[in-house]
Amino acid sequence: MTEPRPTSPFELRDPGQAREFASLLRRHAPPDPVRIVHVCGTHEMAIAQHGLRSLLPEGVEVLEGPGCPVCVTPTVDLDRAVKLALGGVIVCTFGDMTRVPGTRVTLAEARAHGADVRVVLSPSDAAEIARQNPGRRVVFFAVGFETTAPGTAAVLLDSPPENFLVLASHKLIPPALAALVAEPPVRIAAFLAPGHVSTIIGAGAYRPVAERYRVPIVVAGFEPLDILYAIALVLRQLREGRAEVENAYPRAVTEEGNRRAQELLAQAFEPSDAVWRGIGTIPGSGLRIRPELSRWDATHELPVAAEEGEDKPAGCLCSEVLLARAVPADCPLFRASCTPLSPVGPCMVGSEGACNVWYRYGGRPDL
Amino acid sequence: MCLAVPTKVLAREGNVATVDVQGVRARVRLDALGEEVQVGDYLLVHAGFAIRRLDPADAAETLALFQELFALEEGAPSGPPAP
Ligand code: SF4
């Protein structure tokens with residue numbers, strides 16, 4: 001534990017308790033190796049930053065799957081955003097998104113060629129930019145999971161200005177978990193469900209996946225002790241042969257989730273199939289803007305043909321990393337030719353990407 | 001994008017709250033929340049929108065859950081299933 005002194009009532013980092021968890025995990029180590037997959041960049045940061053892998057018993061692996069929205073945004077959507085920007089539209093998006101390579105260029109490179117690309121922290125900032133630039137078209141390139149999508153929905157439903165458009169590339173987590181676990185050859189023993197996605201959708205949203213695929217799913221918070229607790233619950237389920245949804249983050253997650261946010265999502269979007277970079281199409285894993293709101297839908301109002309792109313830079317293992325079949329250190333380019341300053345693949349760009357997190361927190365944190 | 005740390009509400013004006021994010025003031029929208037918010041409350045915030053109100057008492061409850069697990073696992077490696 002690096003920060004034993006609590007500075008907020010919500011910091012759960014007591015080293016004594018962490019040691020207690022570590023010995024509990026050791027006592028209940030499974031007989032055979034198990035791979036536990038989380039799908040959240042913030043989990044990966046907490047695990048790497050606090051060295052939690054060093055507390056896991058032999059044979060227990062925790063990997064980040066497709067937990068970085070920036071990393072899984074397909075090149076088609078990126079290429080669309082770049083074309084729009086080069087065509088004279090103001091493109092607003094979250095910071096990391098501007099540095100991810102599409103088929104040819106990044107949004108940041110398009111900006112260097114004169115395109116108007118702006119970094120925003122919130123979808124409502126993008127609508128504000130549209131209000132301030134009535135003579136220009138302003139596109140919000142919307143990425144993110146169920147945590148981010150309600151904000152986009154709220155803006156879409158709040159009569160945004162006529163010159164405002166959304167290029168929606170939001171993704172849904174439960175269908176991705178189903179796709180990962182349905183896909184041999186690597187057996188995923190259990191999932192840690194992302195805490196704040198779960199705040200929105202509720203722990204109950206994972207039950208169909210847990211039942212259908214017989215896989216334990218434990219909702220986990222972000223403090224080091226939250227994560228150790230969730231792993232302890234996973235190991236206990238595995239030991240007892242159960243495959244259930246358990247909520248290890250009840251202070252932020254209920255069974256039903258945030259109903260208000262769910263209503264916003266349902267009013268603004270409908271589910272659609274979506275392409276995940278490095279993984280492929282996952283049925284029902286995307287959100288399409290509802291036809292009633294099509295005047296704000298960039299794909300409808302400003303159609304641009306996407307380039308048919310090379311999805312994977314040569315030698316990059318990102319798709320294996322996103323499928324939880326490899327860790328960044330397995331990639332020969334990691335820390336060699338691929339670094340945050342000159343990233344080869346999207347997993348090194350997104351600050352929630354596994355390669356980026358491992359680079360920042362010292363390479364192989366599970367030694 | 002995801003702020004794991006709760007923010008504290010400093011002021012509130014209709015649909016918008018001013019919060020303290022580790023010493024920095026930020027404005028967050030409350031329309032995705034569906035809960036009442038008062039000054040002094042803690043909020044989970046994501047990309048400019050509050051998604052949940054947190055109660056410090058619930059953090060203490062989490063600690064109690066940990067203790068429960070330790071006690072349960074102490075002498076009973078194959079104890080009863082989770083509540
Ligand atoms: S280290 Fe770079 S090249 Fe290797 S998998 Fe990660 S992003 Fe791809």
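By class, how many nonpolar, polar and charged residues does the lining of the second largest cavity have? In this predicted model, that lining has 11 nonpolar residues, one polar residue and no charged residues.

The structure holds six cavities of 30 Å³ or more. The second largest cavity has a volume of about 80 Å³. Its lining includes the cysteines A:Cys316, A:Cys318, A:Cys331, A:Cys338 and A:Cys355. Among the other lining residues are A:Leu317, A:Leu333, A:Phe334, A:Met348 and A:Gly345.

The contact between the two chains is a separate topic. It takes 49 residues from chain A and 39 residues from chain B. The area buried between chain A and chain B is about 3,800 Å², and carbon and sulfur atoms give 65% of this area. Three residues, A:Phe10, A:Arg236 and A:Arg251, supply 18% of the area that chain A buries against chain B, which is more than any other three residues supply.

Between the chains there is one salt bridge, in which the side chains of B:Arg29 and A:Asp158 meet at 3.4 Å, N to O. Eight residue pairs are in polar contact between chain A and chain B, both residues being at pLDDT 80 or more. Several helices of chain A give two or more residues to the side that touches chain B, among them α1 (15-27), α6 (123-132) and α12 (259-268). The helix α11(A) gives the most, with eight residues.

| Class | Count |
|---|---|
| Nonpolar | 25 residues |
| Polar | 12 residues |

Notes. Residues are numbered from 1 along each chain as its sequence is written. Chains are lettered from A and ligands numbered from 1 in the order in which they are written. This is a predicted model: local features need pLDDT of at least 70, side-chain atom pairs count only at pLDDT 80 or more; totals for chains, interfaces and linings use all residues. Side-chain values use heavy atoms; hydrogens and water are left out. On a 1 Å grid over the protein atoms alone, a cavity is a set of points where a 1.4 Å probe fits but cannot get out, and a pocket is an open set with protein on both sides within 12 Å along at least five of seven lines; lining residues have an atom within 4 Å of a point. Grid points are joined across faces, edges and corners, and a volume is the space filled by probe spheres set on the points. Ala, Val, Leu, Ile, Met, Phe, Trp, Tyr, Cys and Pro count as nonpolar, Asp, Glu, Lys and Arg as charged, and the others, Gly among them, as polar. Contact means heavy atoms within 4.5 Å. Buried area is the accessible area (1.4 Å probe) that two parts lose on being put together, summed over both. A salt bridge is a side-chain nitrogen of Lys or Arg within 4 Å of a carboxyl oxygen of Asp or Glu. A polar contact is a pair of N or O atoms within 3.5 Å; within protein, one must be able to donate a hydrogen and the other to accept it, and residues adjacent in sequence count only if both atoms are side-chain atoms. Helices (H or I, at least four residues) and strands (E, at least two) are DSSP runs, numbered from the N terminus.
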